[in-house]
Amino acid sequence: MKIREIATLLDAEVLCGEQMLEEEVQNACGSDMMSDVLAYVKDQGVLVTGLVNSQVIRTAMMMDMHCVVFVRNKRPSPEMVELAKENHIALLASESRMYEACGKLYQHGLGSEGC
Amino acid sequence: MAESLKFHFDVDGDNFTSAGAASVEVKRKLRQLGFPAEVIRRVSIAMYEGEINMVVHARGGVADVYVEPNCITIVLADQGPGIPDIDLAMQEGYSTAPDNIRALGFGAGMGLPNMKRYTDEMKIDTVLKKGTTVTMKVYI
């Protein structure tokens, strides 16, 4: 699935990483606990989270993730957006709740292998 | 890379926002040195969890990373309270982190288990009220 499709499906605003919207991602994981995210290594993932602090971006960096989706209309700080930009991570913000966001992405073929 | 390299970092214990900065730096350096992506990820995740632990439990500490052609060693040393029961601390889901840390996305009791999971060797030297040193090795 392309990052652009994720943004469309979740009616999400693209906060940074517009140049990455055509990139393909293979799988996603949804969690507010970063240690749980860190417990499973997987390539090119998407992180769906309702947590907003700089460790979300660092966790995505450690996992080589390409995209973070903030649910429940959570908004990252300018510092977080800057950190994401520097590290080539696209940030999306959606009003969807976690369950709904994960359900939509899963239904449209974004798997969860390893998450 | 013929000879070994050493990187040293001070981990600021008062700033949760900057926690992980040393791991990010190590990840960047290992990339420059051309290590395989999987090795880099294992090293940086293990070190990141360790850094978070030092900030959460021990008011920070120091991190030293030794890079050799066939092995990367991470040594994390703090002067925190020590770990009373290592076996218990190693259990997935066991945590003594306060609620405010859980609200930040950590404290799920996965830190030490993750560090062990991603490294080939892990040794914990701890003395109550004196501090803890965690040594981790990842072989190439």
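Which residue in β5(B) is the bridge partner of B:Met122? In this predicted model, the partner is B:Met136. The pair belongs to the contact between β4(B) and strand β5 (residues 131–139) of chain B, two strands that are joined in the antiparallel sense by seven bridges. These strands form part of an open sheet of five strands in chain B, in which the order is β1-β2-β3-β5-β4 and the pairing is antiparallel. The edges of the sheet are taken by β1 (5–12) and β4 (121–127) of chain B; each has a single partner strand, so one side of each is left without a neighbour in the sheet. From one strand to the next, the twist averages 10 degrees.

Helix α5(B), in turn, lies across β3, β4 and β5 of chain B and runs at about 145 degrees to β4(B).

The largest nonpolar core comprises 61 residues, and the members that touch the most others are A:Ile57, A:Leu91, B:Met47 and B:Val65. The greatest contribution to this core comes from helix α2 (residues 37–58) of chain B, which supplies 11 residues. For B:Val65, the contacts beyond four places in sequence include B:Leu5, B:Lys6, B:Phe7 and B:Phe9. B:Val26 and B:Met47 are also in contact with B:Val65, as are B:Ile72, B:Thr73 and B:Ile74.

In chain A, attention turns to strand β3 (residues 45–49). Five of the five residues of this strand are buried, so β3(A) is largely enclosed by the rest of the structure. In a regular strand, side chains alternate between the two faces of the sheet. Both faces of β3(A) are covered, with A:Gly45, A:Leu47 and A:Thr49 buried on one side and A:Val46 and A:Val48 buried on the other. Strand β3(A) pairs with β2(A) in the parallel sense over four bridges, and the bridge partner of A:Asn27 in β3(A) is A:Gly45. Four bridges also join β3(A) to β4(A), again with the strands running parallel; here A:Val48 has A:Val69 as its bridge partner in β4(A).

Over all chains, the structure holds 16 salt bridges. One of them joins the side chains of A:Arg72 and A:Asp32, with an N to O distance of 3.0 Å. A:Arg72 lies in the loop between β4 (67–70) and α4 (78–86) of chain A, whereas A:Asp32 lies in the loop between β2 (27–30) and α2 (34–38) of chain A, so the pair ties together parts that are 40 residues apart in sequence. Both residues are partly exposed, the relative accessible area being 33% for A:Arg72 and 28% for A:Asp32. A:Arg72 is also among the contacts of A:Ser96, which include A:Leu10, A:Val71, A:Ala101 and A:Lys104 as well. A:Ser96 is located in the loop between β5 (90–93) and α5 (98–107) of chain A and is buried, with a relative accessible area of 7%.

In chain B, B:Glu92 and B:Arg117 form a salt bridge in which the closest N and O atoms are 2.7 Å apart. This pair links distant parts of the chain: B:Glu92 belongs to the loop between α3 (86–89) and α4 (99–102) of chain B, and B:Arg117 to helix α5 (residues 111–118) of chain B, 25 residues apart. B:Arg117 is partly exposed, at 36% relative accessibility. A salt bridge within a helix is found between the side chains of B:Asp99 and B:Arg102 (3.6 Å, N to O), both of which lie in α4(B), three residues apart, or about one turn of the helix. B:Asp99 is exposed at 59% relative accessibility, whereas B:Arg102 is partly exposed at 32%. Residues of both chains, namely A:Asp64, B:Lys27, B:Arg31, B:Glu38 and B:Arg41, are linked in a network of salt bridges.

Definitions and conventions: Residues numbered from 1 in each chain as written. Chains lettered and ligands numbered in written order. Predicted model: local features only at pLDDT ≥ 70, side-chain atom pairs only at ≥ 80, totals over all residues. Heavy atoms only, no water. Core = buried A, V, L, I, M, F, W, Y, C linked by side-chain atoms within 4.5 Å. Buried < 20%, exposed > 50% of the residue type's maximum accessible area, 1.4 Å probe, protein only. Contact = heavy atoms within 4.5 Å. Salt bridge = Lys/Arg side-chain N within 4 Å of Asp/Glu carboxyl O. Pairing = 2+ DSSP bridges. Axes fitted to C-alpha atoms, helices over the stretch in contact; angles between N-to-C directions.
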